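Here are some friendly notes to read with the model open beside you. Take the points in order, and find each residue on screen as you go.

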Amino acid sequence: MNYRLRKKDTVILMSRRADAPYADRVEEDGRVLIYEGHDNPRPPLGRKPKEVDQERVNPDGSLTQNGLFFGAAVDHKNGLRNPEIVKVYEKVKPNIWVYNGRFSLLDAWLEDSNSRKVYKFRLRLTGDEGLRPDYASYIDQSRIIPSAVKLEVWKRDGGKCIICGATDNLHFDHIIPYSKGGTSLESSNIQLLCVRHNLEKRDRIE
Ligand SMILES: [Zn+2]
């Protein structure tokens, strides 16, 4: 979790892999993300991070990432500010992260989990209203594709753009767009494209 790190965008990295350290999950066909807060990296002596409550405040009194996200969500809920916009990346394989889009941070709470308290954050995929038509806002048209489908597509397409063979800045593209009824749940409707070919395709469709 990076809340406006060095005045940049707020970013979270999620994972729904079996070996993921945190219990992130999606709801409402990928439009809602329930993201788990992060553990205290320096628990009291003799305790492990997973054995102690997640912290909102550091020992020096500054807010942890949990605290920063929690404060933004609560302020929004209380009508004090617009929701924080969070870029969400998802780990689908070791060293392979895909962009899931821009989400609004709407809610936060503490939850009991294995006899300790963990933070949970509720985020919703943003629409395009008011966003510049840069490539970030184009790409967030795609709804979250289940990891299993992404892996299948990644393997089938050989980890490269199916048009030019590029191996970086790849995106999982809906062959029939989500907005036109295309599914996120079948690998037959998903293909790997680089940013350039993803944008060119969108230009043709719209
Ligand atoms: Zn390409």
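1. **Terms for the metal site.** Four donors count as tetrahedral if all angles lie between 85 and 135 degrees; four count as square planar and six as octahedral if opposite donors are over 155 degrees apart and all others between 65 and 115; anything else is irregular. Donors themselves are N, O and S atoms within 2.8 Å of the metal (3.2 Å for Na, K and Ca), and sites may look incomplete because water is not among the atoms.

2. **What you are looking at.** This is a predicted model, in which local features need pLDDT of at least 70 and side-chain atom pairs count only at pLDDT 80 or more, while totals for chains, interfaces and linings use all residues. Residues are numbered from 1 along each chain as its sequence is written, and side-chain values use heavy atoms, with hydrogens and water left out.

3. **The zinc site.** Which atoms hold the zinc ion? The zinc ion is coordinated by the SG atoms of C161, C164 and C194 and by ND1 of H197, at 2.0 to 2.3 Å. The angles among the four donor atoms are 99 to 113°, and the site is tetrahedral. For comparison, the ideal angle for four tetrahedral donors is 109.5 degrees.

4. **The donors along the chain.** Reading along the sequence, the donors of the zinc ion have the spacing C-x2-C-x29-C-x2-H. C164 sits in the loop between α3 (147-156) and β7 (170-174), whereas H197 belongs to helix α4 (residues 195-205), so this pair ties together parts that are 33 residues apart in sequence. Helices (H or I, at least four residues) and strands (E, at least two) are DSSP runs, numbered from the N terminus.

5. **Buried or exposed?** Buried means under 20% relative accessible area, exposed over 50%, and partly exposed in between (1.4 Å probe, protein chains only). C164 is partly exposed, with a relative accessible area of 40%.

6. **No disulfides.** A disulfide is counted when a pair of cysteine sulfur atoms lies within 2.5 Å. By this rule, the model has zero disulfides.

7. **The overall plan.** The chain has four helices and eight strands. Starting from the N terminus, the elements run β-β-β-α-β-β-β-α-α-β-β-α. Of the 206 residues in the chain, 44% are buried.

8. Two strands pair if DSSP finds at least two bridges between them. Six strands form an open sheet in the order β1-β4-β5-β6-β3-β2, with mixed pairing. At the edges stand β1 (10-15) and β2 (25-27); each has a single partner strand, so one side of each is left without a neighbour in the sheet.

9. β5 (residues 96-113) and β6 (residues 116-125) pair in the antiparallel sense over ten bridges. Look for D112, which stands opposite K117 in β6. In the loop between β5 and β6 you will find N114 and S115. Neither is a glycine, yet phi is positive in both: near 50° for N114 and about 65° for S115. N114 is exposed at 72% relative accessibility, and S115 is exposed at 80%.

10. **Helices on the sheet.** Contact means heavy atoms within 4.5 Å. Axes are lines fitted to C-alpha atoms, for helices over the stretch in contact, and angles run from 0 to 180 degrees between N-to-C directions. Helix α1 (residues 65-77) lies across β1, β4 (84-93), β5 and β6, and runs at about 80° to β5. Helix α3 also packs on the sheet, where α3 touches β4 and β5 and its direction makes about 55° with that of β4.

11. The bridge partner of F172 in β8 is L192.
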